[in-house]
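Keep the sequence and the structure in view while reading.

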Amino acid sequence: MTVGLAVVEGLVHPSGTTWCERRRALADVGVLGGLALLPEVAGAAMSEVTVPFAPDVNGESTAVATFSVPTEWTKLSDTTQSVVGGRRLVVYASPDDTDWNVFLLLTPIRGDYTSLGSFGTLDAVQDTIIPRGDGIDAQLISSASKSSTYVYEYTLAVPNQPKRHLKTIFSLVADTLVTFNVQALEDTYTPDVAKISESILSTAIAKKTA
């Protein structure tokens with residue numbers, strides 16, 4: 001069973017390309033998961049996932065990330081498992097098609113990175129997360145900077161992999177780069193898949209709690 005993801009420096013990306021190599025994780029972040037029922041979307045019952053992060057000196061979380069997934073989706077990652085460089089990765093996927101999935105990646109960063117602008121402009125970050133090169137077919141659908149987040153929607157096909165439809169949100173909260181990403185194979189990106197995928201990311205929020 002595969003999710004179609006590759007854990008890379010600062011980012012999880014289906015192409016396996018590298019982003020922000022010079023910004024290495026400095027601390028370990030604890031992740032816990034919880035579920036709460038939400039209204040249905042496109043006939044699918046939705047549940048909320050809650051992930052506390054950014055512990056203080058007493059080990060108490062100072063921020064929380066939340067997003068919703070269809071209730072029948074399966075958690076594929078161990079939320080206590082460390083990722084490269086002290087990152088934390090939470091992955092949920094459809095039980096019928098693990099290529100349709102959402103992940104939350106929490107990357108601790110230095111305190112002198114005070115805003116997303118520290119990583120570059122909207123266009124500069126776009127050029128790093130959407131790879132170019134021989135055999136790569138990448139098409140940007142939309143990009144936007146809103147409410148202290150960068151949002152990208154695009155399709156991507158790399159050699160020996162099917163074409164995927166992705167939407168990614170970046171934010172910076174409590175000295176942590178927070179990445180939400182939802183993706184599905186382009187061939188299966190039906191209106192219902194699009195509606196549920198949009199609902200997943202429309203509920204994706206990371207904020208300080210202390």
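## Helix α2

In this predicted model, helix α2 is built from twelve residues. From its first C-alpha to its last, α2 reaches 16 Å, close to the 16 Å expected at 1.5 Å a residue.

Which residues of α2 are buried? They are V193, I196, S197, S199, I200 and L201. An α-helix has 3.6 residues a turn, so residues three or four places apart point the same way. With that in mind, the positions of V193, I196, S197 and I200, which are among the buried residues of α2, can be compared on the structure.

## The largest pocket

Rolling a probe the size of a water molecule over the atoms shows where empty space is left. The largest pocket found has a volume of about 290 Å³. It is lined by 14 residues, and those closest to its centre are T149, V151, I169, L201 and A204. Helix α2 (191-202) is one of the elements that give two or more residues to this lining; the others are β10 (149-157), β11 (164-173) and β13 (205-208).

Sorted by class, the lining of the largest pocket consists of seven nonpolar, four polar and three charged residues.

## The chain as a whole

How many helices and strands does the protein chain have? There are two helices and 13 strands. The protein chain holds 210 residues, and 50% of them are buried. Its accessible surface is about 9,600 Å², and carbon and sulfur atoms account for 50% of that surface.

Contacts can also be sorted by separation along the sequence. Among contacts in the protein chain with a separation of 6 or more, 52% are between residues 24 or more positions apart.

Q126 is part of helix α1, which covers residues 122-129. Is Q126 buried or exposed? Its relative accessible area is 11%, so Q126 is buried. Beyond its neighbours within four places in sequence, Q126 is in contact with L140, S143 and Y152.

S145 sits in strand β9, residues 137-146. S145 counts as exposed because its relative accessibility is 51%, and the cut-off for exposed is over 50%. Neighbours within four places in sequence aside, S145 contacts L122 and Y150. The C-alpha atoms of S145 and L122 are 6.7 Å apart in space, although 23 residues separate the two in sequence.

L116 belongs to the loop between β8 (97-108) and α1. With a relative accessibility of 8%, L116 counts as buried. Not counting residues up to four places away in sequence, L116 touches S148, T149, Y150, F170, S171, L172 and L177. One of these, T149, is also among the residues closest to the centre of the largest pocket. L116 and V173 are 57 residues apart in sequence, and their C-alpha atoms are 9.7 Å apart in space.

The loop between β10 and β11 contains N160. N160 is exposed, as its relative accessible area is 84%. Its phi is near 70°, a positive value in a residue other than glycine. A174, in the loop between β11 and β12 (176-185), also has a positive phi, of about 50°, although A174 is not a glycine.

Conventions: Residues are numbered from 1 along each chain as its sequence is written. This is a predicted model: local features need pLDDT of at least 70, side-chain atom pairs count only at pLDDT 80 or more; totals for chains, interfaces and linings use all residues. Side-chain values use heavy atoms; hydrogens and water are left out. Helices (H or I, at least four residues) and strands (E, at least two) are DSSP runs, numbered from the N terminus. Buried means under 20% relative accessible area, exposed over 50%, partly exposed in between (1.4 Å probe, protein chains only). Contact means heavy atoms within 4.5 Å. On a 1 Å grid over the protein atoms alone, a cavity is a set of points where a 1.4 Å probe fits but cannot get out, and a pocket is an open set with protein on both sides within 12 Å along at least five of seven lines; lining residues have an atom within 4 Å of a point. Grid points are joined across faces, edges and corners, and a volume is the space filled by probe spheres set on the points. Ala, Val, Leu, Ile, Met, Phe, Trp, Tyr, Cys and Pro count as nonpolar, Asp, Glu, Lys and Arg as charged, and the others, Gly among them, as polar. The expected span of a helix is 1.5 Å times one less than its number of residues. Accessible areas come from the Shrake-Rupley method with a 1.4 Å probe; for residues, only the protein chains shown count as cover.
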